[in-house]
Amino acid sequence: MRHFRLAFLLAAVIATPLSARTGALIEERSIPELQAAMVQGKASSETITRAYLARIAAMDRAGPTLRAVIAVNPDALAQARASDARRKAGKPLGPLDGIPILIKDNIETLDPIATTAGSLALKDNITHRDAPVVAELRKAGAVILGKTNLSEWANIRSSSSMSGWSAVGGLVRNPYALDRSSCGSSSGSGAAIAASFAAAALGTETDGSVVCPASMNGLAGLKPTVGLVSRTHVVPISHSQDTPGPMARGVRDVAILFSAMVAADPADATTSDAGRYVHDYAGSLSADGLRGVRIAVLRPDMPEALKAKYEAELRVLEKAGAVLVEAKQPKLDGIGQAEGDVLHTELKADLDAYLASTPASVKTRTLDQVIAFNEANKATEMPFFAQETFLIAARTRGLADAEYLGARARSRRLAGAEGIDAILKTAGATIIVAPTYGLPWLSDTVSGDGFDGPSASQLPAISGYPHLTVPMGLVKGLPVGMSFIATAYGDQAVLNAGYAYEQASQARVAPTYRPIADVGPGLDGVR
């Protein structure tokens with residue numbers, strides 16, 4: 001554990017005291033605002049980076065104690081100075097040059113910090129290699145500020161897990177109410193960006209792990225079309241569903257980050273067509289992006305307070321020019337079981353392959369060895385929940401198994417052709433909207449996650465289609481999000497629609513770090 005303790009010590013040494021001035025420089029500031037400050041000479045990348053480091057030092061292991069960051073990067077200031085030198089020489093690399101970005105700690109970076117996936121089994125996993133998605137951000141000039149906490153093993157170890165907890169990082173706390181979940185698995189990325197610990201962050205999603213923490217931390221978050229962003233050197237769950245995704249306080253920032261992430265990677269065959277989709281996703285964003293757009297509206301069961309908020313925000317879509325069409329989700333019997341069969345099988349195959357590629361300092365080289373490690377270290381690795389999903393995955397029969405292949409084909413057909421595609425075709429629409437999730441639940445060490453209310457993540461996750469969540473504001477003081485979903489490679493379409501909604505609604509509210517959520521009576525299933 002020396003690597004992240006050293007990183008926090010270094011942050012304390014280099015950070016300047018948090019002040020009103022540094023807070024004004026970075027708090028709630030967008031990427032274009034930070035760039036403008038650097039272009040105008042009001043700030044440098046180094047002063048911005050120092051301000052973020054000071055804020056992390058003051059609020060992550062002190063103050064509200066969010067535990068959103070596992071490690072800060074000891075090379076961050078050197079990267080910032082290099083950016084300042086490029087700008088001084090008149091050779092900036094683009095809109096991300098000099099902008100501090102946080103990376104979820106299941107994505108490798110070449111910096112001298114480990115990639116742990118939150119597990120002590122990977123505490124020595126210092127690979128000194130960039131995941132290609134990080135390499136693309138680095139080429140664009142982004143400052144890699146550090147690594148964010150996450151639900152351990154990206155929330156796949158147990159079906160009774162507590163989102164946001166890892167043995168390495170502890171429990172991430174929601175900046176809107178510290179007793180509430182930040183959701184998982186990109187919980188640290190969600191809480192950190194809500195708290196202005198960086199301009200934006202990378203998360204990863206298999207099913208909900210970008211859009212849920214984005215929704216529950218008042219952020220915009222994009223789960224891209226699978227195949228646009230490389231997964232190489234990312235601790236895996238499923239090659240069918242995994243993808244990194246950008247998270248930020250606004251849609252434009254998400255689009256700027258995403259524009260630098262899209263790239264083909266020879267080591268990830270899924271991205272073979274990604275080069276066709278490399279362009280500036282922020283360039284076409286417009287407040288008029290909803291005018292004349294037909295939107296299929298889903299109304300799943302939800303608590304009354306959330307329903308009232310959602311209905312009010314649908315009126316915002318209409319006022320912005322959208323044509324709303326009532327839609328119903330088709331009955332998709334067996335989709336959950338099929339998805340589970342796919343994830344279990346691919347988890348074993350993909351994780352075994354990843355662990356075999358780690359440095360010799362990592363002693364857990366297979367899923368079976370991780371299971372044994374957890375059993376031998378129960379006090380630290382399993383104080384709240386066990387590893388029953390790992391045990392199921394360990395018994396699977398490989399990627400050539402007929403039952404797995406059948407489940408994979410069935411799940412993709414149900415989610416895609418008979419799910420999202422059918423909804424859009426029936427409605428004559430290009431976008432689906434729905435509430436992203438319910439409200440953040442209490443963090444509960446006994447019972448685990450208290451999922452209650454709707455979830456929009458499953459169909460786009462299984463089909464590999466794009467899914468954007470945008471803040472709808474607060475319900476009883478807690479953040480909720482609206483989902484924009486399209487068919488494959490409709491990433492620009494959901495960003496356009498989400499941005500226009502964001503501009504019309506102005507719904508996002510900054511966090512206030514309340515100790516507990518005062519939701520009061522009458523919120524179904526919450527409290």
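## The largest cavity

The largest cavity of this predicted model holds about 40 Å³ of space. A cavity is a set of points, on a 1 Å grid over the protein atoms alone, where a 1.4 Å probe fits but cannot get out; grid points are joined across faces, edges and corners, and the volume is the space filled by probe spheres set on the points. By this rule there is one cavity of 30 Å³ or more.

The lining, formed by residues with an atom within 4 Å of a point, includes Asn106, Trp153, Val235, Pro236 and Leu351. Nine lining residues are nonpolar, one is polar and none is charged. Here Ala, Val, Leu, Ile, Met, Phe, Trp, Tyr, Cys and Pro count as nonpolar, Asp, Glu, Lys and Arg as charged, and the others, Gly among them, as polar.

Strand 11 spans residues 431-435, and five of its five residues are buried, that is, under 20% relative accessible area with a 1.4 Å probe and protein chains only. Strands are DSSP runs (E, at least two residues), numbered from the N terminus. Ile431, Val433 and Pro435 point one way, while Ile432 and Ala434 point the other way. In a regular strand the side chains alternate between the two faces of the sheet.

Two strands pair if DSSP finds at least two bridges between them. Strand 9 (residues 294-297) pairs with strand 11 in the parallel sense over three bridges, with Ile295 opposite Ile431. Strand 13 (residues 478-485) pairs with strand 11 in the antiparallel sense over four bridges, and Ser483 of strand 13 stands opposite Ala434.

## Basis of the values

Residues are numbered from 1 along each chain as its sequence is written, and side-chain values use heavy atoms, with hydrogens and water left out. In this predicted model, local features need pLDDT of at least 70 and side-chain atom pairs count only at pLDDT 80 or more, whereas totals for chains, interfaces and linings use all residues.

Definitions and conventions. On a 1 Å grid over the protein atoms alone, a cavity is a set of points where a 1.4 Å probe fits but cannot get out, and a pocket is an open set with protein on both sides within 12 Å along at least five of seven lines; lining residues have an atom within 4 Å of a point. Buried means under 20% relative accessible area, exposed over 50%, partly exposed in between (1.4 Å probe, protein chains only).
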